[in-house]
Amino acid sequence: NLRTHYTTQIDPGKIGDDKVALAGWVHEVRDLGGICFVVLRDRQGRAQVTLVKKKIDRELFNFARKLIRESVISVRGSIKPEEKAPNGYELIPDEIELLNEADSPLPLDTTGKVDAELDTRLDSRFIDLRRSRTNAIFRIRHEVLHAVRNYLANDGFLETSSPKVVATATEGGTALFPITYFDREAFLNQSPQLFKQILMSGGMDRVFEIGPIFRAEEHDTRRHLNEATSIDIEASFVDHFDVMEILENMVEYVYNQVIENVPDALEVLGIELKVPKTPFLKLTYQEAIDIVNSHGEEELKWGDDLSTLSEHTIGEHVFQETGEEHYFIIDWPTEIKPFYAMPYEEKPEFSKSFDMMHRTMELSSGAQRIHVPEMLKNRIADQGLDPEGFDFYLRAFSYGMPPHSGWGLGCERFVMTMLGVENIRDVVLFPRDRRRLSP
Ligand code: ATP
Ligand code: AMO
């Protein structure tokens, strides 16, 4: 056995003299002459391997002193309680096995003492992941996705997957990545939108998907990726208010799960997470543009989309008024929402749509959908799209499509706002942006 425990799984009070084996990377070697400390690091934390010259085999002592940082080792020995050491114990080795030696110098410092540019870190992501901050972010991201799956599955949603190679656009505005699919033109999908709606006609009733979306965004910003992870739901026989409630309750649950299950990762990042209070404030689009106009930095007219600046103005306003970072903007003009958003019957220039916002940016969009085929066909044509290209989608509406609603939540934006991370690339293992295609 190269490993019997993670470094954090050892209870010094319980283990006593039992032999254990830890495996990981040489984080640091401190050679003080008479005593040598080797700090071993694994995914979960660190352990101190202590070698006292007078008490230990001379050859083992000299071997440990010469270990090169970031080499991979397995250490077998016994546990001794030690308050000054990480996790309250030290490992007195019988045997240290060098599994693979690292070159030096390292492309990046792993101790967190020297900061590196994001680009340098992304170029050497394998080594950046060994830093405690980066490690903490991805353990939290795991917890977020795990909690999302739990929440939705417990609320009756079935997990589904939709194709990423498709023939049509769904989200209008943002551009597509064309690809060659044998001898035909195809695209990387921008959203599971059309497929999750078709599943409603199939009677799947409540579905969710966590998967990649591709957008040929021109802008190189701190909150746009060209490949992102979308958390999507669609549900039948419910309206936009029902799915907003699912969204806010899920957000609250996920925050609680992160606090409960990865407190050590939050501590590494120095974050005291505050759980958002539900229900979230609901501003209408009209109220939102009134706030912007009353602040005077920008003049918005009805029908304008919200700029980044106006999102900030509204987010700050809401935060000052309520102390909360999350809120909804509802009842958007039909003409600035995608064709599938359902207009209100009595005032069709408004749609049953919403965005879920964070103080700093949009996290999610959703709506009740149009389920009436004629109306949908007209809306597609109104937006300058060719209904024929949507035949595969429209057919699902002609043979018994229930009323339905749903939303898409950007996983990376959700995690970055939770952790107060400045750049979205920090929460993606291998981000894709305009300049970055590898690793
Ligand atoms: P020697 O005099 O035998 O050559 P030294 O002076 O090199 O030994 P120590 O005085 O034993 O080493 O310890 C050096 C440093 O390590 C001290 O600052 C001490 O607090 C710290 N230290 C000693 N033992 C431990 C331990 N088990 N865990 C963590 N730190 C320790
Ligand atoms: P929308 O286009 O608003 O809606 O996307 C939903 C959410 O996905 C995230 N997102 C992105 N994150 C990072 N980089 C990008 N380039 C990017 N593009 C989108 C955002 C955004 O709020 N079909 C609808 C959803 C629905 O109505 O169900 C849709 O795709 O967090």
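Is Glu90 buried or exposed? At 5% relative accessibility, Glu90 counts as buried. The model is predicted.

## The Glu90 salt bridge

Glu90 has a charged partner. Its side chain meets that of Lys80 in a salt bridge, with an N to O distance of 3.0 Å. Glu90 sits in strand β5 (residues 89-100) and Lys80 in strand β4 (residues 72-81), so the bridge ties together parts that are 10 residues apart in sequence.

Glu90 is buried. Lys80 is partly exposed, at 40% relative accessible area.

## Other salt bridges

The count for the model comes to 35 salt bridges. One of them joins the side chains of Asp128 and Arg131 at 3.1 Å, N to O. Asp128 is buried, with a relative accessible area of 0%. Arg131 is buried as well, at 7%.

Another salt bridge pairs Asp264 with Arg139, again side chain to side chain, at 3.0 Å from N to O. Asp264 belongs to helix α8 (residues 263-269) and Arg139 to helix α5 (residues 132-154), so this pair ties together parts that are 125 residues apart in sequence. Asp264 is partly exposed, with 33% relative accessible area. Arg139 counts as buried at 14%. There is also a network of salt bridges, which links Asp119, Asp123, Asp220, Arg425, Asp433, Arg435 and Arg436.

## The shell around ligand 2

Ligand 2 is surrounded by 25 residues. The closest are Gln193, Lys196, Arg215, Glu362 and Ser365. By class, the shell holds 7 nonpolar, 9 polar and 9 charged residues.

Four elements each supply at least two residues of this shell: α6 (193-201), β11 (227-236), β15 (361-368) and β16 (404-410). Strand β15 gives the largest share, with 5 residues.

## Polar distances at ligand 2

Which residue has a side-chain N or O atom 2.5 Å from an oxygen atom of ligand 2? That residue is Glu362. A polar backbone atom of Leu225 is 2.7 Å from a nitrogen atom of ligand 2. A backbone N or O atom of Ser364 lies 3.3 Å from an oxygen atom of the ligand. On its own, ligand 2 has 630 Å² of accessible area, and the protein covers 93% of that.

Helix α6 holds Lys196. This lysine counts as buried, at 5% relative accessibility. The Lys196 side chain also makes a polar contact of 2.6 Å with the side chain of Asp232.

## Surface features

Val165, Tyr181 and Phe182 make a nonpolar surface patch of about 330 Å². Val165 is placed in strand β7 (residues 165-166). Why does Val165 count as partly exposed? Its relative accessibility is 36%, and the partly exposed class lies between under 20% for buried and over 50% for exposed.

Tyr399 is in the loop between α12 (391-394) and β16. Tyr399 is exposed, with a relative accessible area of 68%. From C-alpha to C-alpha, Tyr399 and Asn256 are 42 Å apart in space. In sequence, 143 residues separate Tyr399 and Asn256.

Note on methods: Residues numbered from 1 in each chain as written. Chains lettered and ligands numbered in written order. Predicted model: local features only at pLDDT ≥ 70, side-chain atom pairs only at ≥ 80, totals over all residues. Heavy atoms only, no water. Patch = residues over 30% accessible without salt bridge, like charges linked within 9 Å, V, L, I, M, F, W, Y side chains within 5 Å. Areas by Shrake-Rupley, 256 points an atom, 1.4 Å probe, with all protein chains shown as cover. Salt bridge = Lys/Arg side-chain N within 4 Å of Asp/Glu carboxyl O. Buried < 20%, exposed > 50% of the residue type's maximum accessible area, 1.4 Å probe, protein only. Near = heavy atom within 4 Å. Polar contact = N/O pair within 3.5 Å; in protein donor to acceptor, adjacent residues only side chain to side chain. Nonpolar A, V, L, I, M, F, W, Y, C, P; charged D, E, K, R; others polar.
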